[in-house]
Structure formats: C-alpha cells, structure tokens
Amino acid sequence: DAQAITPKGMSTEQQALFSFVQSAPPTALGLAVGILTRNPALAMTLAGGGGGAYQAGSTYLEATAKGASHDVAARAAFIDGMIEGLDAVPLAVALKPGSTFTKRILKTMVAEGVTEGPVQQTLQDLNAYLSYNPDITLGEAWQNVKVATLAGMMGGALYGGAAHVLEPSPR
C-alpha cells in the first residue's frame, strides 16, 4: 500500500507523484516491450502481471501488519493482485497506433486515471475493508481514490507520449 510508506504531511499531488514513481516500473517495462516487439498483448501481460505481483506483496505485508492471519492476508493479496492486473488495460490505449500525439496522451491519461482511481483503488479499499481493515473510513478511501486517479493520469501522460514518440514507423 503506497499510503503506508508515503511520508506524512504530503499534499495529494505529492502523494500521487510518490505513488506513480513506485508503481511505474512494471507498466514502463510492458510499454517498452510493446513498442519493441509491436506486441500489445505481451506488453499488457508484463504490465498487469508485474503490477499485480507488486500489489499482492504490498497487500500481504499491510494485512499481516494489521494483524491478519496468513490465510486472510494471502486471500486479500491474491484479490488485490488480480485487481491490479487491470493496469494492463490502459496500455492498449497507449500502444494503439494512429492517434495524434495530443490525442494519444489525453486518451491514455483518461484510461489510466479511471482504471487506477475509481476502479482499482475503490475495489482494493473494499477488499481491505472486508478482509483485514474494517477501520478504513470513507474519507481515507476517498483520499486513496484521488491519489490513485492523479497518479494514473501522470502515468498516462508519460506512457501515451512515450508510445507515440517511440512508435516504430510502418515498414
């Protein structure tokens, strides 16, 4: 959980940047592979799988730190890992050829922002509430969604722009 290791006293924007930097490597790897191989399915697999593994480990540690048993923590980690695998979806937008530079960035920002915040973060907070963290408040969950949405949009700008600039020219 990015919030658990995010330094205290940061603004929403600073938290989002911190979260983006932490979660970017699997998606960036998937994007690079997708550009080099021209294989969006492989890119999406790497991004979703890498992000899912990272999130599962983070959730397991958070759950056990809150007193969850191994079984509860493992189940919560599995669910969060599967939810995090949705990171693969916005890469399909970033890697789709034919858009102008600006359109590709904007479309990828929206895809990443919606996937990260309202979808993934909401489902992960619900999973936490139902499995190991019944004390999470709506205020905390809302802050998590804002941070995740903004982090996703930051990623979308970078991934969409990079995919457009690095897209191989047609043969």
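## About the model

The model is predicted, so local features need pLDDT of at least 70 and side-chain atom pairs count only at pLDDT 80 or more, while totals for chains, interfaces and linings use all residues. Residues are numbered from 1 along each chain as its sequence is written, and side-chain values use heavy atoms, with hydrogens and water left out.

## Helix α2

Helices here are DSSP runs of H or I with at least four residues, numbered from the N terminus. The end C-alpha atoms of α2 are 36 Å apart, which agrees with the 38 Å that its 26 residues should span at 1.5 Å a residue; the expected span is 1.5 Å times one less than the number of residues.

Along the way, α2 has a kink of about 50 degrees at Ala-24, shortly before the proline Pro-25. The bend is the angle between axes fitted to the seven residues ending at a residue and the seven starting there. After α2 comes Arg-38, with a positive phi near 55 degrees.

Leaving out residues up to four places away in sequence, Thr-27 touches Ala-47, Asp-87, Leu-91, Glu-112 and Tyr-159, where contact means heavy atoms within 4.5 Å.

## The cavity

The structure holds 1 cavity of 30 Å³ or more, and the largest cavity has a volume of about 80 Å³. On a 1 Å grid over the protein atoms alone, a cavity is a set of points where a 1.4 Å probe fits but cannot get out, and lining residues have an atom within 4 Å of a point. Points are joined across faces, edges and corners, and the volume is the space filled by probe spheres set on them.

Not counting residues up to four places away in sequence, Ala-111 touches Pro-90 and Val-93. Ala-111 and Ile-83 are 28 residues apart in sequence and 15 Å apart in space, C-alpha to C-alpha.

Key. Helix = DSSP H or I, 4+ residues; strand = E, 2+ residues; numbered from the N terminus. 1 Å grid on protein atoms, 1.4 Å probe; cavity = no way out; pocket = protein on both sides within 12 Å on 5 of 7 lines; lining within 4 Å.
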